[in-house]
Amino acid sequence: MGIFEAAKIIRFSMKTQHRKKHLRALISVYNKDAVRELVELLHGFGVEMISTGGTFRFIRDLGLPVTAVEELTGYPSILGGRVKTLHPAIMGAILCRPDLKEDLADIKQYGLEPIDMVVTDLYPFEETVLSEAGHDEIIEKIDIGGISLIRAAAKNFAHVYVVPGVDYFADACHTLLGNEGCTTPADRKKMAAAAMDISSHYDTLVFRYLNDDPQTVFKESIRKAEVLRYGENPHQKGYFYGNMGEVFDQLNGKPLSYNNLLDIDAAFSLISEFTDPTFVIVKHTNACGVSSRETIEDAWQAAFAGDPVSAFGGILMANRPIDSGVADSLHDLFFEVLIAPDYHPEAIQKLVQKEKRIILQSKQYAEPSVIYRSVLNGVLVQSPDDAVSKPEQWQAVTKHAATADQLDDLLFANIIVKHLKSNAIALVKNKMLIGTGIGQSSRVDAVKQAIMKAGAFHHDTEDAVLASDAFFPFPDCVEMAAKHGISAIVQPGGSVRDKDSVNHCNQAGVAMYFSGIRHFKH
């Protein structure tokens, strides 16, 4: 025998060692049509099939031999179908370890035959909850037998191949076809992990439905994952767990990055606060351009004028469809992402000419009711900052009152500052963001930065308004604002030195309001 023939035999031996030929399969599925190909394949490989209720009738009607579970258990399906497979004749046959003499003695004593494959899916509990069905119907969709079957089969994966849901039926067919009806330990372990993934996810959903106290434990399960190009930096790995398709459709461009998604989230959160035609520009999760106008084109022009330098490479978002006029204006600008609820045909035709440019079409979606953040060796959980205070709820604390237009601008600025990193200041004039102070360690530095930014782009701060995400600890912020012509301020109030700031406003003729709500953002 030559060396090549010997090597070929060795490779074949390595490939086939530890392969298991499957002989008996328990099949109990909710989605009958989805399992047709698999049961026909199992029949072709001579696998004895055992089944329950509707699945038994489905396989029988295909003209294939099948044994009813009742023939093994000696019991019919009882309690309206709640109990079918929870019996030692089934569980013992699945959990039996044929390489353990004690197990072999037990199954011989009780007349059991090992089951070495389990094919099942679970009742659609999640879909039933989302359908807003009644409580009793939801409870009936809590699977007991299916969960028990896949967990038992997964535990005994050394000997049993589990196919734990519709999404895995095709994989199982591929594996069995490629191995002449056999599986390897790696095949079985892979499916066992999938089974436990499904089981743990299912149990988490049931727990969250039944649990009335969200503070008891932290449980979250998201099965859909997407590998990102990288994390925050190229040397970091990044993943997204969730379903982007519920939030937007990607119409053009390269795959989204970790940083793209952070900025997109910030843009969605900010623009959701506005109902008038509004355009926002976000950079590193902070707004650098925001404006509301009569038309989305005017809103875009004003938002861009707010800080045209920072807009470069930013995330752009509109709450109205993008027409050809806006598209023409945007086309020569370098930006990472454009988001809008719709695009006119001429506009999208223009925008997609640059193949890497990311174009997203936004959808209405239910925003999360909780926010998670990993810290140290745990997770911080909080409710969203969805507090919205209107001028009529604010406390006027100065002799001077703002005009109706100034109150509109104060509200506009207060919404924006809520979405900026603390310490934060927003300067607004005529519903246009003209300056921001972001992420400063002192509030007076945030005021300085906002005024400096406004001046850098030749925005007149005379009669502009200012919003602060937290109280002024000293009157120096008011002094600086008044020196640059700012005519009205909104802040939460609550400092032991509030009176000093109020007194300086009275001296300078500046209107000040306390909103009573702090908006720290870290």
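Predicted model: local features only at pLDDT ≥ 70, side-chain atom pairs only at ≥ 80, totals over all residues.
First, the ground rules. Local features need pLDDT of at least 70 and side-chain atom pairs count only at pLDDT 80 or more, while totals for chains, interfaces and linings use all residues. Residues are numbered from 1 along each chain as its sequence is written, and side-chain values use heavy atoms, with hydrogens and water left out.

Now the helix pair. Helix 13, residues 296-306, and helix 14, residues 324-331, have axes that come within 9 Å and cross at roughly 20°. Helix 13 is therefore roughly parallel to helix 14, a label for angles under 35 degrees. Axes here are lines fitted to C-alpha atoms over the stretch in contact, with angles from 0 to 180 degrees between N-to-C directions. Helices are DSSP runs of H or I with at least four residues, numbered from the N terminus.

Which residues make the contact, meaning heavy atoms within 4.5 Å? Helix 13 gives Ile 296, Glu 297, Trp 300 and Gln 301, and helix 14 gives Gly 325, Val 326, Ser 329 and Leu 330.

On to the second largest pocket. Its volume, the space filled by probe spheres set on the grid points, is about 550 Å³. A pocket is an open set of points on a 1 Å grid where a 1.4 Å probe fits, with protein on both sides within 12 Å along at least five of seven lines; lining residues have an atom within 4 Å of a point. The lining has 29 residues, with Gly 81, Arg 82, Lys 84, Tyr 123 and Asp 143 nearest the centre. Helix 3 gives the largest share of this lining, four residues.

Notes: Helix = DSSP H or I, 4+ residues; strand = E, 2+ residues; numbered from the N terminus. Parallel < 35°, antiparallel > 145°, perpendicular 65-115°, else oblique. Contact = heavy atoms within 4.5 Å.
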